[in-house]
Amino acid sequence: MSEQPSLFDILGPIMIGPSSSHTAGASRIGYIARQLLDDVPVKAHITLYNSFAKTHKGHGTDRAIIGGILGYGPDDERIRQSFEQAKQERLEWDFSFVGDAVRFHSNTARVKLWGEKGHTVEVVGASLGGGRVKIQEIEGFTVDFNAQTHTLVIIADDVPGSIQHISGAIAEKGVNIANMFVSRTETKANMVIELDVAVPAEVIEKIQALAWVHFVRLVEPMLAGSSRYEK
Amino acid sequence: MEFNLLSDVVEYCRREKKDMAAAMLDYEMRNKGVTRDAVYAGLKQILLVMEDSVEQGLTQMTITPSGMLNNWAKAVNNATVETLGPMLKKAVARAIAVGEVNACMGKIAAAPTAGSAGIMPAVLVTMMEEHRISREKILDGLLVSAVIGLIFARNSSFAGSEAGCMGETGSAAAMGAGTIVYLLGGTDDQILEAVGFALKASMGLVCDPVGGLVEEPCTTRNAVGVANAFVSAQMALAGIKSLIPADEVIFATKEVGDLMSPRLKESGQGGLANTKTGREIQKKVFKTLD
(Lines give C-alpha, C1' and ligand atoms only; values in the text may rest on other atoms or scores of the structure.)
Protein backbone atom coordinates (compact mmCIF):
# COMPACT_ATOMS: atom_id res chain seq x y z
CA MET A 1 0.00 0.00 0.00
CA SER A 2 2.84 2.31 0.80
CA GLU A 3 6.59 2.30 0.58
CA GLN A 4 6.95 3.20 4.24
CA PRO A 5 8.24 0.21 6.20
CA SER A 6 5.83 -1.49 8.57
CA LEU A 7 6.24 -1.83 12.30
CA PHE A 8 6.54 -5.55 11.59
CA ASP A 9 9.51 -5.02 9.31
CA ILE A 10 11.31 -3.84 12.46
CA LEU A 11 9.79 -6.36 14.92
CA GLY A 12 9.66 -9.66 13.09
CA PRO A 13 9.51 -11.84 11.18
CA ILE A 14 8.46 -14.54 13.61
CA MET A 15 10.62 -17.35 12.32
CA ILE A 16 12.45 -20.58 13.02
CA GLY A 17 16.11 -19.76 13.63
CA PRO A 18 18.93 -19.37 13.24
CA SER A 19 19.10 -17.14 10.19
CA SER A 20 16.53 -15.00 8.38
CA SER A 21 18.41 -15.51 5.11
CA HIS A 22 19.71 -19.08 5.46
CA THR A 23 16.69 -20.54 7.29
CA ALA A 24 13.52 -18.40 6.93
CA GLY A 25 14.23 -17.33 3.34
CA ALA A 26 15.26 -20.86 2.39
CA SER A 27 11.97 -22.28 3.67
CA ARG A 28 10.07 -19.70 1.64
CA ILE A 29 11.84 -20.77 -1.57
CA GLY A 30 10.73 -24.37 -0.89
CA TYR A 31 7.20 -23.20 -0.10
CA ILE A 32 6.92 -21.17 -3.30
CA ALA A 33 8.26 -24.13 -5.33
CA ARG A 34 5.48 -26.28 -3.87
CA GLN A 35 2.86 -23.70 -4.86
CA LEU A 36 4.29 -23.65 -8.36
CA LEU A 37 4.10 -27.47 -8.48
CA ASP A 38 0.38 -27.37 -7.61
CA ASP A 39 0.54 -31.02 -6.62
CA VAL A 40 1.58 -33.18 -3.67
CA PRO A 41 5.36 -33.52 -4.01
CA VAL A 42 6.74 -37.06 -4.08
CA LYS A 43 10.30 -36.31 -5.17
CA ALA A 44 12.57 -33.30 -4.79
CA HIS A 45 16.02 -32.55 -6.10
CA ILE A 46 17.60 -29.49 -4.58
CA THR A 47 20.83 -27.77 -5.57
CA LEU A 48 22.29 -25.29 -3.11
CA TYR A 49 24.72 -22.68 -4.40
CA ASN A 50 27.45 -20.55 -2.84
CA SER A 51 26.90 -19.62 0.81
CA PHE A 52 23.86 -21.93 0.97
CA ALA A 53 26.09 -24.81 -0.19
CA LYS A 54 28.87 -24.03 2.25
CA THR A 55 26.90 -23.39 5.45
CA HIS A 56 23.59 -25.19 4.94
CA LYS A 57 23.95 -27.64 7.82
CA GLY A 58 24.91 -25.10 10.45
CA HIS A 59 21.94 -22.96 9.45
CA GLY A 60 19.43 -25.77 8.85
CA THR A 61 19.00 -24.53 5.26
CA ASP A 62 18.37 -28.09 4.05
CA ARG A 63 15.71 -28.80 6.69
CA ALA A 64 14.11 -25.40 6.02
CA ILE A 65 13.79 -26.01 2.28
CA ILE A 66 12.32 -29.49 2.80
CA GLY A 67 9.93 -27.94 5.35
CA GLY A 68 8.85 -25.37 2.78
CA ILE A 69 8.29 -28.12 0.20
CA LEU A 70 6.07 -29.88 2.76
CA GLY A 71 4.06 -26.66 3.01
CA TYR A 72 5.43 -25.31 6.29
CA GLY A 73 5.74 -21.55 6.71
CA PRO A 74 8.99 -19.99 8.01
CA ASP A 75 7.53 -19.85 11.54
CA ASP A 76 6.42 -23.50 11.63
CA GLU A 77 8.21 -25.46 14.34
CA ARG A 78 7.91 -28.66 12.31
CA ILE A 79 10.81 -27.34 10.18
CA ARG A 80 13.23 -28.73 12.75
CA GLN A 81 11.89 -32.26 12.10
CA SER A 82 11.21 -31.79 8.40
CA PHE A 83 13.41 -34.73 7.27
CA GLU A 84 11.52 -37.11 9.55
CA GLN A 85 8.19 -35.62 8.40
CA ALA A 86 9.19 -35.96 4.74
CA LYS A 87 9.93 -39.65 5.22
CA GLN A 88 6.50 -40.14 6.77
CA GLU A 89 4.87 -38.31 3.87
CA ARG A 90 6.85 -40.45 1.40
CA LEU A 91 8.71 -37.54 -0.11
CA GLU A 92 12.06 -38.64 -1.55
CA TRP A 93 14.72 -35.99 -1.76
CA ASP A 94 18.36 -35.41 -2.45
CA PHE A 95 20.68 -32.43 -2.33
CA SER A 96 23.65 -31.43 -4.42
CA PHE A 97 26.01 -28.57 -3.68
CA VAL A 98 27.81 -26.06 -5.86
CA GLY A 99 30.20 -24.00 -3.78
CA ASP A 100 31.13 -21.32 -6.30
CA ALA A 101 28.57 -20.26 -8.88
CA VAL A 102 29.29 -16.65 -9.75
CA ARG A 103 26.19 -16.23 -11.84
CA PHE A 104 23.97 -16.77 -8.78
CA HIS A 105 23.30 -14.66 -5.69
CA SER A 106 25.25 -15.89 -2.66
CA ASN A 107 22.17 -17.59 -1.16
CA THR A 108 20.56 -19.44 -4.04
CA ALA A 109 18.63 -22.71 -4.30
CA ARG A 110 17.37 -24.63 -7.33
CA VAL A 111 14.38 -26.81 -6.49
CA LYS A 112 13.03 -29.42 -8.87
CA LEU A 113 9.82 -31.14 -7.78
CA TRP A 114 7.79 -34.08 -9.02
CA GLY A 115 4.16 -34.44 -7.87
CA GLU A 116 1.85 -37.40 -7.46
CA LYS A 117 -0.49 -36.18 -10.26
CA GLY A 118 2.51 -36.00 -12.59
CA HIS A 119 3.18 -32.27 -12.31
CA THR A 120 6.83 -31.18 -12.32
CA VAL A 121 8.43 -27.81 -11.83
CA GLU A 122 11.94 -26.38 -11.60
CA VAL A 123 12.47 -23.14 -9.71
CA VAL A 124 15.52 -21.03 -8.83
CA GLY A 125 15.23 -18.62 -5.93
CA ALA A 126 17.55 -16.38 -3.94
CA SER A 127 17.24 -15.43 -0.29
CA LEU A 128 17.93 -11.74 0.19
CA GLY A 129 17.94 -11.39 3.99
CA GLY A 130 15.21 -10.62 6.52
CA GLY A 131 13.26 -13.60 5.16
CA ARG A 132 12.74 -11.86 1.81
CA VAL A 133 13.23 -13.87 -1.36
CA LYS A 134 13.40 -13.36 -5.10
CA ILE A 135 12.32 -16.03 -7.57
CA GLN A 136 14.69 -15.83 -10.52
CA GLU A 137 13.89 -18.74 -12.78
CA ILE A 138 10.88 -20.97 -13.46
CA GLU A 139 11.05 -23.84 -15.99
CA GLY A 140 14.11 -22.24 -17.55
CA PHE A 141 12.51 -18.82 -17.99
CA THR A 142 14.10 -15.82 -16.33
CA VAL A 143 11.65 -14.25 -13.89
CA ASP A 144 11.89 -11.72 -11.07
CA PHE A 145 9.27 -11.60 -8.34
CA ASN A 146 9.15 -11.65 -4.54
CA ALA A 147 5.84 -13.49 -3.93
CA GLN A 148 4.66 -10.79 -1.55
CA THR A 149 1.44 -10.37 -3.45
CA HIS A 150 -0.86 -12.75 -5.40
CA THR A 151 1.25 -13.81 -8.37
CA LEU A 152 0.09 -15.67 -11.44
CA VAL A 153 2.71 -17.53 -13.48
CA ILE A 154 1.78 -18.60 -17.00
CA ILE A 155 3.73 -20.35 -19.75
CA ALA A 156 2.12 -20.33 -23.17
CA ASP A 157 2.90 -20.56 -26.88
CA ASP A 158 4.02 -17.14 -28.05
CA VAL A 159 1.01 -16.64 -30.32
CA PRO A 160 -0.04 -13.15 -31.46
CA GLY A 161 -2.43 -11.51 -29.02
CA SER A 162 -1.74 -14.01 -26.23
CA ILE A 163 -0.78 -11.38 -23.68
CA GLN A 164 -3.81 -9.19 -24.39
CA HIS A 165 -6.04 -12.25 -24.21
CA ILE A 166 -4.78 -13.27 -20.78
CA SER A 167 -4.68 -9.77 -19.30
CA GLY A 168 -8.19 -9.26 -20.69
CA ALA A 169 -9.46 -12.38 -18.92
CA ILE A 170 -8.11 -11.03 -15.63
CA ALA A 171 -9.32 -7.45 -16.09
CA GLU A 172 -12.79 -8.71 -17.07
CA LYS A 173 -13.30 -9.87 -13.48
CA GLY A 174 -12.24 -6.51 -12.11
CA VAL A 175 -8.90 -7.78 -10.80
CA ASN A 176 -6.26 -5.08 -11.01
CA ILE A 177 -2.88 -6.07 -12.48
CA ALA A 178 -0.16 -4.41 -10.40
CA ASN A 179 2.80 -5.60 -12.49
CA MET A 180 3.41 -7.85 -15.44
CA PHE A 181 6.68 -9.29 -16.72
CA VAL A 182 7.12 -11.24 -19.93
CA SER A 183 10.11 -13.31 -21.01
CA ARG A 184 10.39 -15.37 -24.18
CA THR A 185 12.14 -18.26 -25.82
CA GLU A 186 11.79 -18.83 -29.59
CA THR A 187 8.34 -20.30 -29.36
CA LYS A 188 7.10 -19.77 -25.83
CA ALA A 189 6.35 -16.88 -23.53
CA ASN A 190 6.39 -16.73 -19.77
CA MET A 191 4.18 -14.22 -17.99
CA VAL A 192 4.46 -13.29 -14.34
CA ILE A 193 1.46 -11.24 -13.32
CA GLU A 194 1.31 -9.59 -9.90
CA LEU A 195 -2.19 -8.83 -8.69
CA ASP A 196 -3.51 -6.57 -5.94
CA VAL A 197 -6.11 -9.12 -4.82
CA ALA A 198 -6.66 -12.86 -5.13
CA VAL A 199 -7.73 -13.93 -8.60
CA PRO A 200 -11.03 -15.88 -8.79
CA ALA A 201 -10.67 -19.61 -9.57
CA GLU A 202 -12.86 -19.24 -12.68
CA VAL A 203 -10.31 -16.87 -14.24
CA ILE A 204 -7.56 -19.42 -13.71
CA GLU A 205 -9.76 -22.18 -15.17
CA LYS A 206 -10.56 -20.04 -18.17
CA ILE A 207 -6.87 -19.39 -18.87
CA GLN A 208 -6.00 -23.05 -18.29
CA ALA A 209 -8.62 -24.09 -20.85
CA LEU A 210 -6.87 -22.20 -23.66
CA ALA A 211 -5.21 -24.68 -26.02
CA TRP A 212 -2.01 -22.65 -26.35
CA VAL A 213 -1.51 -22.28 -22.55
CA HIS A 214 0.71 -24.95 -20.94
CA PHE A 215 1.22 -23.92 -17.36
CA VAL A 216 -0.85 -21.75 -15.00
CA ARG A 217 0.05 -21.46 -11.35
CA LEU A 218 -0.91 -19.11 -8.55
CA VAL A 219 1.53 -18.17 -5.81
CA GLU A 220 -0.27 -16.71 -2.81
CA PRO A 221 1.45 -14.24 -0.50
CA MET A 222 2.58 -15.74 2.76
CA LEU A 223 1.31 -14.46 6.07
CA ALA A 224 4.44 -15.09 8.05
CA GLY A 225 3.57 -14.63 11.68
CA SER A 226 2.35 -11.11 12.18
CA SER A 227 4.72 -9.64 9.64
CA ARG A 228 1.85 -9.04 7.26
CA TYR A 229 -1.75 -7.99 7.64
CA GLU A 230 -4.50 -10.07 6.09
CA LYS A 231 -6.19 -8.18 3.28
CA MET B 1 3.06 9.74 7.04
CA GLU B 2 6.80 9.81 7.36
CA PHE B 3 9.35 9.96 10.17
CA ASN B 4 12.93 10.54 9.07
CA LEU B 5 14.56 11.45 12.35
CA LEU B 6 13.94 10.74 16.01
CA SER B 7 13.56 14.51 16.43
CA ASP B 8 10.67 14.36 13.91
CA VAL B 9 8.95 11.83 16.16
CA VAL B 10 9.48 13.99 19.26
CA GLU B 11 8.16 17.02 17.36
CA TYR B 12 5.08 15.03 16.29
CA CYS B 13 4.48 13.98 19.91
CA ARG B 14 4.73 17.59 21.07
CA ARG B 15 2.35 18.84 18.39
CA GLU B 16 -0.21 16.06 18.79
CA LYS B 17 0.20 15.78 22.57
CA LYS B 18 0.91 12.08 22.27
CA ASP B 19 3.65 9.77 23.49
CA MET B 20 6.09 7.91 21.24
CA ALA B 21 4.07 4.68 21.34
CA ALA B 22 1.01 6.56 20.07
CA ALA B 23 3.13 8.22 17.37
CA MET B 24 4.26 4.82 16.07
CA LEU B 25 0.67 3.54 16.24
CA ASP B 26 -0.50 6.51 14.12
CA TYR B 27 2.31 5.88 11.64
CA GLU B 28 1.39 2.21 11.24
CA MET B 29 -2.37 2.71 11.05
CA ARG B 30 -2.12 5.50 8.49
CA ASN B 31 0.57 3.99 6.27
CA LYS B 32 -0.78 0.45 6.26
CA GLY B 33 -4.49 1.28 6.41
CA VAL B 34 -5.04 -0.99 9.40
CA THR B 35 -6.95 -0.66 12.65
CA ARG B 36 -5.55 -0.17 16.12
CA ASP B 37 -6.75 -3.68 16.98
CA ALA B 38 -4.85 -5.22 14.06
CA VAL B 39 -1.63 -3.53 15.17
CA TYR B 40 -2.03 -4.65 18.79
CA ALA B 41 -2.94 -8.19 17.67
CA GLY B 42 0.38 -8.35 15.81
CA LEU B 43 2.27 -6.92 18.79
CA LYS B 44 0.71 -9.52 21.10
CA GLN B 45 1.90 -12.29 18.78
CA ILE B 46 5.43 -10.89 18.81
CA LEU B 47 5.42 -10.61 22.62
CA LEU B 48 4.12 -14.19 23.01
CA VAL B 49 6.87 -15.55 20.77
CA MET B 50 9.45 -13.50 22.69
CA GLU B 51 8.24 -14.82 26.06
CA ASP B 52 8.10 -18.41 24.79
CA SER B 53 11.63 -18.21 23.43
CA VAL B 54 12.93 -16.98 26.80
CA GLU B 55 11.03 -19.72 28.62
CA GLN B 56 12.24 -22.44 26.26
CA GLY B 57 15.86 -21.44 26.55
CA LEU B 58 15.62 -21.42 30.36
CA THR B 59 13.90 -24.80 30.65
CA GLN B 60 14.77 -27.00 27.66
CA MET B 61 18.00 -28.61 26.47
CA THR B 62 19.79 -26.25 24.15
CA ILE B 63 22.85 -27.78 22.55
CA THR B 64 23.37 -26.40 19.08
CA PRO B 65 24.14 -28.74 16.15
CA SER B 66 27.65 -27.23 16.01
CA GLY B 67 28.18 -27.85 19.72
CA MET B 68 29.34 -24.26 20.23
CA LEU B 69 26.49 -23.39 22.61
CA ASN B 70 25.60 -25.79 25.39
CA ASN B 71 22.88 -24.84 27.87
CA TRP B 72 24.52 -21.55 28.83
CA ALA B 73 21.28 -19.71 29.66
CA LYS B 74 20.44 -22.23 32.37
CA ALA B 75 24.03 -22.11 33.66
CA VAL B 76 23.80 -18.33 34.09
CA ASN B 77 20.31 -18.49 35.57
CA ASN B 78 21.41 -21.06 38.15
CA ALA B 79 24.70 -19.38 39.00
CA THR B 80 25.24 -18.90 42.73
CA VAL B 81 27.64 -16.01 42.28
CA GLU B 82 25.88 -12.80 41.33
CA THR B 83 28.04 -9.92 40.19
CA LEU B 84 25.24 -7.37 40.57
CA GLY B 85 22.41 -9.22 42.23
CA PRO B 86 19.80 -11.52 40.76
CA MET B 87 18.22 -9.03 38.35
CA LEU B 88 21.21 -8.57 36.08
CA LYS B 89 21.97 -12.27 36.20
CA LYS B 90 18.43 -13.17 35.13
CA ALA B 91 18.33 -10.50 32.42
CA VAL B 92 21.56 -11.88 30.95
CA ALA B 93 20.23 -15.47 31.13
CA ARG B 94 17.09 -14.43 29.24
CA ALA B 95 19.07 -12.92 26.36
CA ILE B 96 21.27 -16.02 26.07
CA ALA B 97 18.14 -18.20 26.23
CA VAL B 98 16.74 -16.66 23.06
CA GLY B 99 20.11 -16.90 21.31
CA GLU B 100 20.30 -20.60 22.11
CA VAL B 101 16.71 -21.27 21.02
CA ASN B 102 17.43 -19.46 17.76
CA ALA B 103 20.61 -21.45 17.13
CA CYS B 104 18.74 -24.71 17.88
CA MET B 105 16.11 -24.00 15.19
CA GLY B 106 13.50 -22.83 17.66
CA LYS B 107 10.92 -20.10 17.08
CA ILE B 108 11.96 -16.50 17.68
CA ALA B 109 10.86 -13.00 16.71
CA ALA B 110 13.61 -11.06 14.93
CA ALA B 111 14.01 -7.74 16.77
CA PRO B 112 15.34 -6.25 14.62
CA THR B 113 17.34 -9.28 13.34
CA ALA B 114 17.56 -12.96 14.28
CA GLY B 115 21.16 -12.47 15.42
CA SER B 116 20.08 -9.77 17.87
CA ALA B 117 16.77 -11.38 18.82
CA GLY B 118 17.70 -11.88 22.50
CA ILE B 119 17.88 -8.27 23.62
CA MET B 120 14.28 -7.07 23.35
CA PRO B 121 12.76 -10.22 24.93
CA ALA B 122 15.24 -10.01 27.82
CA VAL B 123 14.45 -6.32 28.33
CA LEU B 124 10.68 -6.81 28.20
CA VAL B 125 10.50 -9.94 30.37
CA THR B 126 12.79 -8.26 32.90
CA MET B 127 10.58 -5.15 32.96
CA MET B 128 7.51 -7.33 33.57
CA GLU B 129 9.15 -9.45 36.25
CA GLU B 130 11.19 -6.87 38.12
CA HIS B 131 9.13 -3.72 37.62
CA ARG B 132 5.69 -5.32 37.40
CA ILE B 133 4.91 -3.47 34.19
CA SER B 134 1.54 -4.62 32.76
CA ARG B 135 1.35 -6.53 29.49
CA GLU B 136 -0.68 -3.70 27.92
CA LYS B 137 2.05 -1.23 28.71
CA ILE B 138 4.69 -3.65 27.42
CA LEU B 139 2.95 -3.62 24.02
CA ASP B 140 3.32 0.17 23.98
CA GLY B 141 6.98 -0.38 24.85
CA LEU B 142 7.26 -2.53 21.73
CA LEU B 143 5.85 0.38 19.70
CA VAL B 144 8.53 2.67 21.14
CA SER B 145 11.23 0.13 20.29
CA ALA B 146 9.85 -0.06 16.75
CA VAL B 147 9.95 3.69 16.15
CA ILE B 148 13.59 3.74 17.30
CA GLY B 149 14.35 0.83 14.95
CA LEU B 150 12.49 2.52 12.13
CA ILE B 151 14.63 5.66 12.32
CA PHE B 152 17.81 3.62 12.73
CA ALA B 153 17.02 1.50 9.66
CA ARG B 154 16.22 4.63 7.65
CA ASN B 155 19.53 6.35 8.40
CA SER B 156 21.87 3.42 9.05
CA SER B 157 21.43 -0.35 8.58
CA PHE B 158 20.41 -3.49 10.47
CA ALA B 159 22.53 -5.67 8.17
CA GLY B 160 25.66 -7.17 9.66
CA SER B 161 27.11 -7.05 6.15
CA GLU B 162 26.67 -3.26 6.08
CA ALA B 163 26.93 -1.97 9.65
CA GLY B 164 28.50 -4.92 11.46
CA CYS B 165 27.18 -6.03 14.82
CA MET B 166 26.63 -2.33 15.59
CA GLY B 167 23.67 -2.59 13.20
CA GLU B 168 22.33 -5.71 14.92
CA THR B 169 22.99 -5.89 18.67
CA GLY B 170 23.79 -2.16 18.70
CA SER B 171 20.43 -1.16 17.26
CA ALA B 172 18.64 -3.72 19.44
CA ALA B 173 20.32 -2.31 22.55
CA ALA B 174 19.24 1.19 21.49
CA MET B 175 15.66 -0.02 20.98
CA GLY B 176 15.78 -1.69 24.39
CA ALA B 177 17.27 1.36 26.12
CA GLY B 178 14.58 3.70 24.80
CA THR B 179 11.89 1.18 25.73
CA ILE B 180 13.11 0.95 29.33
CA VAL B 181 13.08 4.75 29.67
CA TYR B 182 9.55 4.84 28.27
CA LEU B 183 8.29 2.08 30.56
CA LEU B 184 9.77 3.80 33.62
CA GLY B 185 8.04 7.08 32.78
CA GLY B 186 10.92 8.99 31.21
CA THR B 187 10.38 11.85 28.79
CA ASP B 188 10.68 11.68 25.00
CA ASP B 189 13.98 13.54 25.23
CA GLN B 190 15.26 11.01 27.75
CA ILE B 191 14.30 8.17 25.39
CA LEU B 192 16.50 9.79 22.74
CA GLU B 193 19.37 10.22 25.20
CA ALA B 194 19.21 6.51 26.03
CA VAL B 195 19.31 5.64 22.33
CA GLY B 196 22.39 7.84 21.98
CA PHE B 197 24.18 6.21 24.93
CA ALA B 198 23.45 2.67 23.73
CA LEU B 199 24.64 3.33 20.18
CA LYS B 200 27.76 5.15 21.31
CA ALA B 201 28.71 2.07 23.34
CA SER B 202 28.22 -0.12 20.24
CA MET B 203 30.02 2.17 17.79
CA GLY B 204 32.23 0.19 15.42
CA LEU B 205 31.27 -3.24 16.72
CA VAL B 206 32.23 -5.75 14.04
CA CYS B 207 30.28 -8.79 12.77
CA ASP B 208 32.70 -11.71 12.98
CA PRO B 209 30.83 -14.92 13.84
CA VAL B 210 32.89 -18.09 14.01
CA GLY B 211 32.06 -20.40 11.12
CA GLY B 212 29.46 -17.88 9.93
CA LEU B 213 26.97 -19.31 12.42
CA VAL B 214 24.74 -17.14 14.62
CA GLU B 215 26.31 -18.46 17.85
CA GLU B 216 29.77 -17.18 18.79
CA PRO B 217 30.06 -14.31 19.69
CA CYS B 218 26.46 -13.33 18.82
CA THR B 219 24.87 -14.95 21.85
CA THR B 220 27.08 -13.35 24.49
CA ARG B 221 26.93 -10.02 22.64
CA ASN B 222 23.16 -10.17 23.07
CA ALA B 223 23.72 -10.59 26.81
CA VAL B 224 26.01 -7.56 26.90
CA GLY B 225 23.47 -5.69 24.77
CA VAL B 226 20.87 -6.11 27.52
CA ALA B 227 23.27 -4.67 30.07
CA ASN B 228 23.99 -1.81 27.66
CA ALA B 229 20.25 -1.11 27.39
CA PHE B 230 19.76 -0.93 31.17
CA VAL B 231 22.92 1.13 31.76
CA SER B 232 21.98 3.57 28.99
CA ALA B 233 18.43 3.91 30.32
CA GLN B 234 19.76 4.45 33.84
CA MET B 235 21.93 7.36 32.70
CA ALA B 236 19.15 8.91 30.62
CA LEU B 237 16.59 8.65 33.42
CA ALA B 238 19.02 10.39 35.76
CA GLY B 239 18.90 13.35 33.41
CA ILE B 240 22.39 13.29 31.97
CA LYS B 241 22.74 14.09 28.31
CA SER B 242 24.37 12.25 25.44
CA LEU B 243 25.90 15.57 24.20
CA ILE B 244 25.85 14.22 20.65
CA PRO B 245 22.11 14.06 19.78
CA ALA B 246 20.74 10.59 19.03
CA ASP B 247 20.01 11.37 15.37
CA GLU B 248 23.61 12.45 14.85
CA VAL B 249 24.84 9.31 16.62
CA ILE B 250 22.78 7.27 14.14
CA PHE B 251 24.41 9.15 11.24
CA ALA B 252 27.78 8.35 12.80
CA THR B 253 26.94 4.62 12.88
CA LYS B 254 26.26 4.81 9.15
CA GLU B 255 29.60 6.53 8.51
CA VAL B 256 31.46 4.05 10.72
CA GLY B 257 29.71 1.09 9.05
CA ASP B 258 30.72 2.39 5.62
CA LEU B 259 34.32 2.83 6.77
CA MET B 260 34.55 -0.67 8.27
CA SER B 261 36.41 -3.18 6.12
CA PRO B 262 34.15 -5.73 4.41
CA ARG B 263 36.27 -8.37 6.15
CA LEU B 264 34.72 -7.25 9.42
CA LYS B 265 31.13 -7.35 8.21
CA GLU B 266 29.71 -10.88 8.23
CA SER B 267 32.33 -12.22 5.82
CA GLY B 268 33.91 -14.81 8.14
CA GLN B 269 37.29 -13.37 7.14
CA GLY B 270 38.17 -11.11 10.04
CA GLY B 271 37.99 -10.65 13.77
CA LEU B 272 37.06 -13.64 15.93
CA ALA B 273 36.20 -15.77 12.89
CA ASN B 274 39.78 -15.32 11.71
CA THR B 275 41.56 -16.16 14.98
CA LYS B 276 43.56 -19.37 15.29
CA THR B 277 40.91 -20.89 17.56
CA GLY B 278 38.05 -19.53 15.46
CA ARG B 279 39.48 -21.20 12.37
CA GLU B 280 40.02 -24.46 14.25
CA ILE B 281 36.44 -24.45 15.52
CA GLN B 282 35.18 -23.72 12.02
CA LYS B 283 37.13 -26.66 10.61
CA LYS B 284 35.91 -28.98 13.34
CA VAL B 285 32.29 -27.83 13.13
CA PHE B 286 32.01 -28.26 9.39
CA LYS B 287 33.77 -31.58 9.51
CA THR B 288 31.31 -32.99 12.02
CA LEU B 289 28.41 -31.47 10.11
CA ASP B 290 29.43 -32.93 6.73
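## A helix under cover

What covers the buried residues of α6(B)? The cover includes five helices of chain B: α3 (36-59), α5 (85-103), α7 (135-155), α8 (160-183) and α10 (218-237). Keep in mind as you explore that this is a predicted model. The buried residues of α6(B) are Ile119(B), Met120(B), Pro121(B), Ala122(B), Val123(B), Leu124(B), Val125(B), Thr126(B) and Met127(B).

Helix α6 of chain B has 13 residues, 119-131, and at 1.5 Å a residue it should span 18 Å. Its end C-alpha atoms are 17 Å apart, which agrees. Just after α6(B) comes Arg132(B), where phi is positive, at about 55°.

## How confident is the predictor?

For chain B, the mean pLDDT is 96, and 99% of the residues in this chain reach 70 or more. For the complex, the predictor gives an ipTM of 0.95 and a pTM of 0.91.

## Where the two chains meet

Now let us look at the contact between the chains. Here, 30 residues of chain A are in contact with 41 residues of chain B. On the chain A side, α1 (7-10), β1 (14-16) and α3 (50-59) each supply at least two of the touching residues. This side of chain A divides into 13 nonpolar, 13 polar and four charged residues.

β1(A) pairs with strand β1 of chain B, residues 107-109, in the antiparallel sense and over three bridges. To find one of these bridges, look for Met15(A), whose partner in β1(B) is Ile108(B).

## Nonpolar cores

How many residues does the largest nonpolar core have? It has 149, and the ones with the most contacts inside it are Met24(B), Val147(B), Ala177(B) and Val195(B). Helix α7(B) contributes the largest share of this core, 10 residues. In soluble globular proteins, nonpolar side chains tend to be buried together.

Leaving aside neighbours within four places in sequence, Ala177(B) is in contact with Ala194(B), Val195(B), Phe197(B), Ala198(B), Ala229(B), Ser232(B) and Ala233(B).

## Strands inside chain A

Strand β2 of chain A, residues 41-49, has two partners to look at. With strand β4 of chain A, residues 107-115, the pairing is antiparallel and runs over eight bridges. Within that pairing, Thr47(A) has Arg110(A) as its bridge partner in β4(A).

With strand β3 of chain A, residues 92-98, β2(A) pairs in the parallel sense, over seven bridges. There, Lys43(A) stands opposite Glu92(A) of β3(A). In a regular strand the side chains alternate between the two faces of the sheet.

Is Lys54(A) buried or exposed? Lys54(A), found in helix α3 of chain A, counts as buried because it has 20 C-beta neighbours inside 10 Å, and 20 is the cut-off for that label.

Met222(A) sits in the segment after β11 (213-219) of chain A. This residue counts as buried too, because it has 22 C-beta neighbours inside 10 Å. Not counting residues up to four places away in sequence, Met222(A) touches Arg28(A), Tyr31(A) and Gly73(A). Met222(A) and Gly99(A) are 123 residues apart in sequence, and their C-alpha atoms are 30 Å apart in space.

Two cis peptide bonds are worth a look. One runs from Gly12(A) to Pro13(A), with omega near 5°, and Pro13(A) belongs to the loop between α1 and β1 of chain A. Another runs from Ala111(B) to Pro112(B), with omega near 0°; Pro112(B) is in the loop between β1 and α6 of chain B.

Two asparagines deserve attention as well. Asn50(A) is not a glycine, yet its phi is positive, at about 55°. Asn50(A) lies in helix α3 of chain A and is partly exposed, because 19 other C-beta atoms lie within 10 Å. Asn71(B), also not a glycine, has a positive phi of about 55°. Its place is the loop between α3 and α4 (72-77) of chain B, and with 15 other C-beta atoms within 10 Å, Asn71(B) is partly exposed.

Key
Residues numbered from 1 in each chain as written. Chains lettered and ligands numbered in written order. Predicted model: local features only at pLDDT ≥ 70, side-chain atom pairs only at ≥ 80, totals over all residues. Helix = DSSP H or I, 4+ residues; strand = E, 2+ residues; numbered from the N terminus. Expected span 1.5 Å × (residues − 1). Buried ≥ 20, exposed ≤ 12 C-beta atoms within 10 Å, placed from the backbone. Contact = placed C-beta atoms within 7 Å. Nonpolar A, V, L, I, M, F, W, Y, C, P; charged D, E, K, R; others polar. Pairing = 2+ DSSP bridges. Core = buried A, V, L, I, M, F, W, Y, C linked by C-beta atoms within 7 Å. pLDDT = per-residue confidence, 0-100.
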